[in-house]
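Hi there,

Here is the structure I promised to pass along. Please have a look, and then read on for what turned up in it.

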Amino acid sequence: MNDTTLETALIGGGCFWCTEAIFQSLRGVVQVLPGYAGGRRENPSYEQVCTGTTGHAEVVEIKFNPAEISYGDLLHIFYTTHDPTTLDRQGNDVGTQYRSVIFALNDAQANTAREVTKEIVDAQIWPDPIVTELAGPTHFWEAEEKHHDYFARNPETGYCSAVVAPKVAKARKLYKDRLKSDS
């Protein structure tokens with residue numbers, strides 16, 4: 001498969017270590033990169049983003065094959081594997097950098113994001129209102145190498161075992177029919 005058949009999604013569901021680990025295991029997902037988007041500073045560092053003053057969110061850039069998994073499917077998984085009802089937080093991670101956000105890269109993605117959000121609201125999956133931000137295209141800044149494959153490389157650390165592992169387990173249970181054969 002060449003890169004011209006791939007599409008890109010850019011989403012933030014709190015800590016990018018969780019989001020990266022969830023989406024890496026899905027069939028049709030070719031690459032997941034952690035990074036930063038939606039802020040005011042060029043090429044921000046993790047430390048700068050963690051201050052909450054740059055305007056960036058921790059995000060993942062997902063390269064996927066739409067013949068195997070649709071953008072809408074990715075958003076359904078996104079909405080059911082993090083809490084889209086808490087403003088600027090996921091669990092104990094608090095700040096605008098942990099906001100729930102979808103950066104639609106074109107009009108078709110924006111339309112799909114609105115449709116999927118409505119489906120999730122109508123299905124009453126969450127008891128509270130969804131506060132996920134729908135934003136337009138933005139620059140993606142890839143995170144430092146130490147953040148790539150973080151959960152796979154550090155499963156025994158406290159944060160990974162307490163926060164990332166349960167989210168990954170939930171996703172694998174909910175979407176076992178969509179997992180890559182090696183997951």
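A residue is called exposed when its relative accessible area is over 50%, and buried when that value is under 20%. Please keep in mind that this is a predicted model.

Let me start with two loop residues. Asn-43 has a relative accessible area of 55%, so Asn-43 is exposed. Asn-43 sits in the loop that runs between strand S2 (29–37) and helix H2 (46–50). The phi angle of Asn-43 is near 45°, which is positive although the residue is not a glycine. As background, most residues other than glycine have a negative phi. Gln-124 also has a positive phi without being a glycine, with a value near 55°. You will find Gln-124 in the loop between H4 and strand S7 (133–135). With a relative accessible area of 65%, Gln-124 counts as exposed.

Now for the helices. In general, a packed pair is described by the angle between the two axes and the distance between them.

How do helix H3 and helix H4 pack, and at what angle? H3 covers residues 71–81 and H4 covers residues 107–122; their axes are 10 Å apart and the angle is about 45°. Because of that angle, H3 is oblique to H4. The crossing of H3 past H4 is right-handed. On the H3 side, the contact involves Tyr-71, Gly-72, Leu-75, His-76 and Tyr-79. Their partners in H4 are Gln-109, Thr-112, Ala-113, Val-116, Thr-117, Glu-119 and Ile-120. Sorted by type, the residues of this contact between H3 and H4 are 6 nonpolar, 5 polar and 1 charged.

H3 is also mostly covered, with 9 of its 11 residues buried. Among the buried residues of H3 are Tyr-71, Gly-72, Leu-75 and Tyr-79, and these four also take part in the contact with H4. Leu-74, Ile-77, Phe-78, Thr-80 and Thr-81 are buried in H3 as well.

The second pair is H1 with helix H6 (residues 158–174), whose axes cross at roughly 35° and come within 9 Å. H1, too, makes a right-handed crossing, here past H6. Trp-17, Cys-18, Ala-21 and Ile-22 of H1 meet Tyr-159, Val-163, Val-164, Lys-167, Val-168 and Ala-171 of H6. The residues of this contact between H1 and H6 divide into 9 nonpolar, no polar and 1 charged.

Staying with H1 (residues 16–24), Thr-19 is part of this helix. Is Thr-19 buried or exposed? Its relative accessible area is 6%, so Thr-19 is buried. A polar atom of the Thr-19 side chain lies 3.4 Å from the backbone oxygen of Cys-15. Leaving aside residues up to four places away in sequence, Thr-19 touches Ile-11, Gly-13 and Val-60.

His-147 counts as buried because its relative accessibility is 3%. Which side chain does the side chain of His-147 meet in a polar contact? The partner is the side chain of Trp-17, at 3.1 Å; Trp-17 is also one of the H1 residues that meet H6. Again leaving out residues up to four places away in sequence, His-147 touches Phe-16, Trp-17, Glu-20, Pro-34, Tyr-36, Tyr-46 and Arg-153.

Conventions: Residues are numbered from 1 along each chain as its sequence is written. This is a predicted model: local features need pLDDT of at least 70, side-chain atom pairs count only at pLDDT 80 or more; totals for chains, interfaces and linings use all residues. Side-chain values use heavy atoms; hydrogens and water are left out. Axes are lines fitted to C-alpha atoms, for helices over the stretch in contact, and angles run from 0 to 180 degrees between N-to-C directions. Angles under 35 degrees count as roughly parallel, over 145 as roughly antiparallel, 65 to 115 as roughly perpendicular and the rest as oblique. A crossing is left-handed if the near helix is turned anticlockwise from the far one by less than a right angle, and right-handed if clockwise. Contact means heavy atoms within 4.5 Å. Ala, Val, Leu, Ile, Met, Phe, Trp, Tyr, Cys and Pro count as nonpolar, Asp, Glu, Lys and Arg as charged, and the others, Gly among them, as polar. Buried means under 20% relative accessible area, exposed over 50%, partly exposed in between (1.4 Å probe, protein chains only). A polar contact is a pair of N or O atoms within 3.5 Å; within protein, one must be able to donate a hydrogen and the other to accept it, and residues adjacent in sequence count only if both atoms are side-chain atoms.
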